[in-house]
Amino acid sequence: MRILITILTFSLLTAFHNRQEKTILNFASEQTDFEILQSFKAGYFVNSIENHELHDKKYEIAIKAKKSHSNKNSYDKTVYTRIQMWQFDFGTTEKRIQATDSLLNCFPNDCAKIKRQIDQGLKITPSIWIIEDKTIYIARTACEQVDDKWTEFKGEFADSFADNSTEIIVTECGKLTWTTKEKIKNAP
C-alpha cells in the first residue's frame, strides 16, 4: 500500500511540474549559473512589439552570471554576463503575426527592415527571438558580455521555448540569422 501511495504521489508531482506555465520567470529561476536582478533598464529594445499594444501579457526579467569573464569586446576587463528577457503573450495568432510584422518592419536597434528567412548584416546586440504561435520570447545581452554562458543560454532558451517548427532569429554583434532549434542545439 505504501508503494502505491508513493507512486501516486510521485505521479501527481510530475504531472503538476509538467503543467507549470511556460514563462521566462520560471525559466530564469531555473538558471543555476545566474542570479535574478531586481531591477534593470529595459530601454527601447522591444518597442516595435510593445508600442502597438497587441499583447495581452508581458513579462520581463534580467539575470546576471555568478562568475565573471573577459573577452575581446570587454577590452580584457572583467565583466559578468547579464541577460535581459521578455515574453509577449497574444490573445490570437493574428495579433502575434501583426506584432511580428511590426518587428520585421522596425527591427532593433536602428529600426531596420528585415525580410523573413534572409540573413543579413545589421547593427545589433546579441539576442535570440523565438516566435511561437501566440507568444514571442526574447533574450539579449551586450557584445562585451558574450561568452560560453551566452552560447549555453541560447541553447537552453531555445530548448525551453521553441519546437522544431518555430521561427527563431539569432543576432550576434552585427549579424542577424534565421535559424532552427536543431541548429542552435548543434552549434559548436
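Modeller: Let us start at a strand pairing: the bridge partner of Glu172 in E8 is Lys175. This is a predicted model, in which local features need pLDDT of at least 70 and side-chain atom pairs count only at pLDDT 80 or more, while totals for chains, interfaces and linings use all residues. Residues are numbered from 1 along each chain as its sequence is written, and side-chain values use heavy atoms, with hydrogens and water left out.

Colleague: How do you know that E7 and E8 are joined, and in which sense do they run?

Modeller: Strands are DSSP runs of at least two residues (E), helices are runs of at least four (H or I), and both are numbered from the N terminus. Two strands pair if DSSP finds at least two bridges between them. Five bridges join E7 to E8, so the pair qualifies, and the two run antiparallel. They form a hairpin with two residues between them, and Gly174 in the turn has a positive phi of about 95°. E7 is also joined to E5 by five bridges, again in an antiparallel sense, and Trp129 stands opposite Ile169 in E7.

Colleague: What makes E7 largely enclosed by the rest of the structure?

Modeller: The term rests on relative accessible area: buried means under 20%, exposed over 50%, and partly exposed in between, with a 1.4 Å probe and protein chains only. Five of the six residues of E7 are buried, so the strand is largely enclosed.

Colleague: Why is the link of Cys143 and Cys173 called a disulfide?

Modeller: A disulfide is a pair of cysteine sulfur atoms within 2.5 Å. The sulfur atoms of Cys143 and Cys173 are 2.0 Å apart, so the pair meets the criterion. Their link is left-handed, with -135° about the S-S bond. Cys143 lies in the loop between E6 and H5, and Cys173 in the loop between E7 (167-172) and E8 (175-179), so the pair ties together parts that are 30 residues apart in sequence. Cys143 has a relative accessible area of 18% and is therefore buried, whereas Cys173, at 40%, is partly exposed.

Colleague: What can be said of Cys106 and Cys111?

Modeller: They form a disulfide with sulfur atoms 1.8 Å apart; this link is left-handed as well, at -125° about the S-S bond. Cys106 counts as partly exposed at 27% relative accessibility, and Cys111 does so at 43%. Cys111, in the loop between H4 and E4, has a positive phi near 55° although not a glycine.

Colleague: Why is Gln117 called exposed?

Modeller: Gln117 has a relative accessible area of 52%, which is over the limit for exposed residues. Gln117 lies in the loop between H4 and E4 and has a positive phi of about 60° without being a glycine.

Colleague: What makes the pair of Phe107 and Trp129 tilted?

Modeller: Rings of Phe, Tyr and Trp (its six-membered ring) pair if their centres lie within 6.5 Å; planes under 30 degrees apart count as stacked, over 60 as edge-to-face and the rest as tilted. The rings of Phe107 and Trp129 have centres 5.1 Å apart and planes at 50°, so the pair is tilted. Phe107 is in the loop between H4 (93-105) and E4 (120-121) and Trp129 in E5 (residues 127-131), 22 residues apart. Phe107 is buried at 0% relative accessible area, and Trp129 is buried at 0%.

Colleague: How do you know that the buried residues of H5 line one face of the helix?

Modeller: The buried residues of H5 are Lys149, Trp150, Phe153, Lys154, Phe157, Ala158 and Phe161. Seen down the helix axis they fall within an arc of 160°, so they line one face; the arc is that of the directions from the helix axis to the C-beta atoms.
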